[in-house]
Amino acid sequence: MNRRRTQFLIFSGSILLAFLLQLTPLPQAIIVLKPYWLALVLVYWAIETPDRVGLGFAFLLGLVADVLTGQLLGEQSLRLLVMIFIVLRFRSRLRFFPIGQQTLAILALLLNDRIVVLMVRGFSGDPMPSMGFWIGPVIGMIAWPFIFLLLDDLRARMRAKET
Amino acid sequence: MPLASPDKVSLFAEGAVSTLRLIAYLTMAMIIMVIDHRGGYLIGLRNAASAIVEPAYRVAAMPSEVAKAGRLAIATQSHLVDENRNLREALLLAQARLNRMSALVAQNDRLKKLLDVQKDLGLGVQLARLIDIDLDPFRHRVVLDAGSQQSIVVGQPVLDAHGVMGQIVEVLPNTSVAMLVTDPTHAIPVMVERTGLRTIAYGTGSIDRLQLPNVPISADVKVGDLLVTSGLGGRFPAGFPVGEILDVSNDESGMFAAAIARPAAALDRSGEVLLLQDLPQPMGPPAPTPVQSEATGLPAASDPPGSGNRP
């Protein structure tokens with residue numbers, strides 16, 4: 001029971017942290033470099049504990065993110081839904097990819113996410129963003145191994161402490 | 001539970017999640033988006049959730065606050081002395097200008113009384129601080145630490161010491177969101193100060209550029225010309241600096257000259273901003289004037305800001 005609780009703490013803590021990182025500012029010069037933290041963390045949990053992260057969870061989390069950032073309600077829901085669906089569909093393969101290959105898969109996911117954003121903005125009549133828009137996924141790809149190893153290590157430690 | 005039972009999961013099976021659920025959720029997301037786009041319910045929802053949203057903003061701004069405090073703590077004394085001297089000089093200069101201005105205001109007031117003008121342009125301002133968070137790098141919005149409880153309303157112009165920064169687009173109880181003049185969806189009516197030519201400056205999405213895409217090709221616009229607000233459109237009062245022309249060239253069609261300007265306000269640096277309280281052109285009949293106990297020369301300065309000017 002205790003173990004479940006620590007697991008849950010790591011899970012909810014990492015998602016809260018992702019929300020805060022998403023809002024935390026960067027210096028103006030490198031502002032476009034910010035990766036989509038929320039998606040990265042959510043993808044990790046979808047790969048590792050898919051019983052927690054379903055489509056409904058992604059949908060709700062997206063709504064919360066939209067309320068926080070005050071854009072179009074439902075935009076991030078759609079983005080996270082598409083992402084989590086692909087991850088869950090290919091989960092059994094993604095899990096056993098070596099880390100390099102996994103990282104490339106993440107890049108593809110994040111690029112796909114950008115295309116979804118462009119579609120939503122196109123339909124809602126927003127102006128198209130600048131070229132810097134496409135840098136985010138690359139930074140997200142670079143950040144992925146660190147997030148993956150960090151969270152994996154954290155969970156492994158907790159498990160070791162229990163036994 | 002989205003998982004099928006373990007014995008059914010294979011590496012290449014459809015298994016894990018069903019497409020039907022995806023389609024249901026996607027439809028739901030799309031319906032929400034369309035409804036929100038048409039009706040703008042998000043602002044109401046954000047207002048209802050402001051008890052969570054606002055603390056989240058404060059927490060997210062904390063790292064940069066800490067960094068700022070740290071930088072201040074390790075700043076050398078000579079640096080601070082320098083800064084202090086510069087500020088003193090700037091204050092002196094501003095004070096001198098202000099003294100001249102108050103003489104002019106008094107004169108203007110007298111002249112206006114002669115002309116029987118009812119309304120005067122009292123300049124009520126309110127100070128607010130930026131909360132340093134980033135809602136979306138591709139939309140130029142900033143969050144301010146004053147909201148409807150501090151009587152902020154949508155549409156108020158936001159200024160800094162150097163010029164116009166933008167306008168309030170959304171108000172929560174204790175915070176508000178302002179759109180900067182460089183946001184791609186923002187446009188501001190401007191006037192070239194030297195010649196009086198009126199045009200519109202659009203945001204470009206990059207923080208140090210404005211564009212003026214429809215200047216007549218024969219118009220007299222030069223590099224270095226200052227742009228000020230023209231006061232048309234009734235949102236920004238006239239005469240505040242907006243930017244400086246950096247470049248003038250022909251647009252693709254050859255029908256117009258396209259100019260690029262640099263915003264006057266320090267959009268990426270300002271910590272404190274001013275919110276203008278009086279919208280420039282009050283609509284409708286003037287409010288009944290309260291009985292004045294003593295006749296002062298400056299009614300604009302003696303009124304509490306924002307109390308007497310709005311019906």
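**Entry 1: before starting**
I'm working with a predicted model, so I keep in mind that local features need pLDDT of at least 70.

**Entry 2: ring pairs**
I looked up the aromatic pairs first. How many does the structure hold over all chains? I got seven.

I picked Phe11(A) and Phe57(A) to begin with. Then I checked where the two residues sit. Phe11(A) is in helix α1 (residues 2–23) and Phe57(A) is in helix α3 (residues 55–69), both of chain A, so this pair ties together parts that are 46 residues apart in sequence.

Buried or exposed, I wondered, for Phe11(A)? Phe11(A) comes out at 6% relative accessibility, so I wrote it down as buried. The cut-off for buried is under 20%. Phe57(A) has 26%, so that one goes down as partly exposed.

Next I went to Trp144(A) and Phe148(A). Here the ring centres are 5.7 Å apart with the planes at 40°, so I noted another tilted pair.

Trp144(A) has a relative accessible area of 0%, so it's buried. Phe148(A) is buried too, at 10%.

I then followed the ring pairs along. They link Phe11(A), Tyr44(A), Trp45(A), Phe57(A), Trp144(A) and Phe148(A) into a cluster.

**Entry 3: arginines over rings**
I also looked for charges sitting over ring faces. Arg79(A) lies over the face of Tyr36(A), 4.2 Å from the ring centre. Arg114(A) does this with Phe133(A), at 4.4 Å from the ring centre.

**Entry 4: where chain A meets chain B**
Last stop was the interface. Chain A puts 45 residues into the contact and chain B puts in 46 residues. The two chains bury about 4,000 Å² between them, and 72% of that is on carbon and sulfur atoms.

How many salt bridges cross the interface of chain A and chain B? I found one. Glu75(A) forms a salt bridge with Arg139(B), with the closest N and O atoms 3.8 Å apart. I also counted four residue pairs in polar contact between the chains.

Which elements of chain A give two or more residues to the side that touches chain B? I listed α1, α3, α4 (75–89), α5 (91–96) and α6 (99–124).

Note on methods
Residues numbered from 1 in each chain as written. Chains lettered and ligands numbered in written order. Predicted model: local features only at pLDDT ≥ 70, side-chain atom pairs only at ≥ 80, totals over all residues. Heavy atoms only, no water. Phe/Tyr/Trp six-rings, centres within 6.5 Å; stacked < 30°, edge-to-face > 60°. Helix = DSSP H or I, 4+ residues; strand = E, 2+ residues; numbered from the N terminus. Buried < 20%, exposed > 50% of the residue type's maximum accessible area, 1.4 Å probe, protein only. Lys NZ or Arg CZ within 6 Å of the ring centre and 35° of its normal. Contact = heavy atoms within 4.5 Å. Buried area = accessible area lost by both parts, 1.4 Å probe. Salt bridge = Lys/Arg side-chain N within 4 Å of Asp/Glu carboxyl O. Polar contact = N/O pair within 3.5 Å; in protein donor to acceptor, adjacent residues only side chain to side chain.
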